[in-house]
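The reader is asked to keep the structure in view while following the text.

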Amino acid sequence: MIKLSDVSKSYARSGVKAIDGLSLEARNGEIFGFLGPNGAGKTTTIKIVTGVLAPDSGRASLDGIDVVSEPMEAKRRLGYVSDNPEVFSKLRAWEYLNFVADVYGVPTALRQERVARYAGMLEIKDALDAQIGSFSHGMKQKLQVTASLIHDPSNWILDEPMVGLDPMAAFRLKELMRARADEGKTVFFSTHVMEVAERVCDRLAIISKGRIIFQGTLEELRSTRGSDGTLENLFLQLVDDEGADGAEAVPNGGGAK
Ligand SMILES: Nc1ncnc2c1ncn2[C@@H]1O[C@H](COP(=O)(O)OP(=O)(O)OP(=O)(O)O)[C@@H](O)[C@H]1O
Ligand SMILES: [Mg+2]
């Protein structure tokens, strides 16, 4: 379970208030989609939940554990695929995976089994002896996905994970997301691909200018808009309305407090 309560964050460098009183909840057993235009605050929100950035105010927790006051305990429950797959280019892929498994204290047999499963599914198993610097963008992403699951986290957070993946890998990734949610874990991902969000998400949130303008199921979104349109149409309408009538956020569509 991932929960943010009234979280705000400004960047000192640009003075931009990237996140403004944001609250959301992604529950156990669901795939939660996080949608919003470029610069809306998705990556900033994800960096707060993963402990990369500290919030200015408000609270973020994983399975009820505060990410600021109990960072180690929170990180144990977190697998994170960032929007940038660049990691340790001088290491061989196996060395990197062993390093991550060591950090989380995953026993040898388990790490081998998990790497075989995920790297096998994503078809990078045969490349694991090579240096990461020699990998294509998509291969680095697949490695990051494999590394993010090595400790079998209860919360899996992915920032635009489909970008740069080939169709088979994107399909397998979606299967993995579904399987983990079906096991009762939480899967939270940002995307610009409305068709993916429409097909994959159990619930979703739409963020615009640092505020949540909708949170709930696609059916709830349709009913609040009185429309049976596609998610793409609903998204465009909602973000357009938000731009037109200023900064006031629309209340949640049946989502969390
Ligand atoms: N390191 C930074 N320093 C200063 N401002 C930043 C920084 N990172 C993001 N911002 C600003 O914060 C706001 C939110 O950015 P963020 O990266 O969270 O958006 P996003 O929703 O992930 O966008 P995208 O869809 O393009 O990935 C933007 O106005 C951006 O300019
Ligand atoms: Mg982003």
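Helix α6 is followed by G184, whose phi is positive, near 95 degrees. The model that shows this is a predicted one. Helix α6 itself comprises 16 residues, which at 1.5 Å a residue should span 22 Å; the end C-alpha atoms are 23 Å apart, and this agrees with the expectation.

Which residues of α6 are buried? They are A169, L173, M177, R180 and A181. Seen down the axis of α6, these buried residues fall within an arc of 110 degrees, so they line one face of the helix. An α-helix has 3.6 residues a turn, so residues three or four places apart point the same way. On the face of α6 turned away from the buried side are the exposed residues P167, M168, F171, E175, A179 and D182. The cover over the buried residues of α6 includes the strands β3 (31-35), β7 and β8 (186-190), together with the helices α5 and α7 (194-200).

Helix α3 can be described in a similar manner. This helix runs over residues 93-104 and has 12 residues; from its first C-alpha to its last it reaches 17 Å, close to the 16 Å expected at 1.5 Å a residue. Its buried residues are A93, Y96, L97, V100 and A101. They cover an arc of only 135 degrees around the axis, which puts them on the same side of α3. The partners against which the buried residues of α3 pack are α4 (108-121) and α5 (137-148). Just after α3 comes G105, with a positive phi of about 65 degrees.

Most residues other than glycine have a negative phi, and most peptide bonds are trans. D152 is not a glycine, yet has a positive phi of about 50 degrees. E160, likewise a residue other than glycine, has a phi near 50 degrees, a positive value. D152 lies in the loop between α5 and β7 (155-159), and E160 is found in the loop between β7 and α6 (167-182).

| Residue | Other C-beta atoms within 10 Å | Class |
|---|---|---|
| D152 | 14 C-beta atoms | partly exposed |
| E160 | 20 C-beta atoms | buried |
| I150 | 21 C-beta atoms | buried |
| D63 | 17 C-beta atoms | partly exposed |

I150 is placed in the loop between α5 and β7. Leaving aside its neighbours within four places in sequence, I150 is in contact with L97, V100, A101, Y104, V106, R111, R114 and V115. Among the buried residues of α3 are L97, V100 and A101. I150 and F32 are 118 residues apart in sequence, and their C-alpha atoms are 21 Å apart in space.

D63 has its place in the loop between β4 (57-62) and β5 (65-66). Apart from neighbours within four places in sequence, D63 is in contact with M1, R77, S154 and N155. Between D63 and F189 there are 126 residues of separation in sequence and 17 Å in space, C-alpha to C-alpha.

The ligand has its own surroundings. How many residues surround ligand 1? The number is 13, and the closest are Y11, A18, K42, T43 and T44. Helix α1 (residues 42-49) gives the most to this shell, with three residues.

The protein as a whole may now be considered. It has nine helices and 10 strands. Its C-alpha atoms fill a box of roughly 55 × 40 × 35 Å, taken along the principal axes. A compact globule of 257 residues would have a radius of gyration near 18 Å; the protein has 18 Å, which agrees. Buried residues make up 42% of the 257 residues. Of the contacts with a separation of 6 or more, 73% are between residues 24 or more positions apart.

Conventions. Residues are numbered from 1 along each chain as its sequence is written. Chains are lettered from A and ligands numbered from 1 in the order in which they are written. This is a predicted model: local features need pLDDT of at least 70, side-chain atom pairs count only at pLDDT 80 or more; totals for chains, interfaces and linings use all residues. A residue is near a molecule or strand if its C-beta atom, placed from the backbone, lies within 6 Å of it. Helices (H or I, at least four residues) and strands (E, at least two) are DSSP runs, numbered from the N terminus. A residue is buried if 20 or more other C-beta atoms lie within 10 Å of its own, exposed if 12 or fewer, and partly exposed in between; C-beta atoms are placed from the backbone. Two residues are in contact if their C-beta atoms, placed from the backbone, lie within 7 Å. The expected span of a helix is 1.5 Å times one less than its number of residues. The arc is that of the directions from the helix axis to the C-beta atoms. The radius of gyration is taken over C-alpha atoms; the globule rule is 2.2 Å times the number of residues to the power 0.38.
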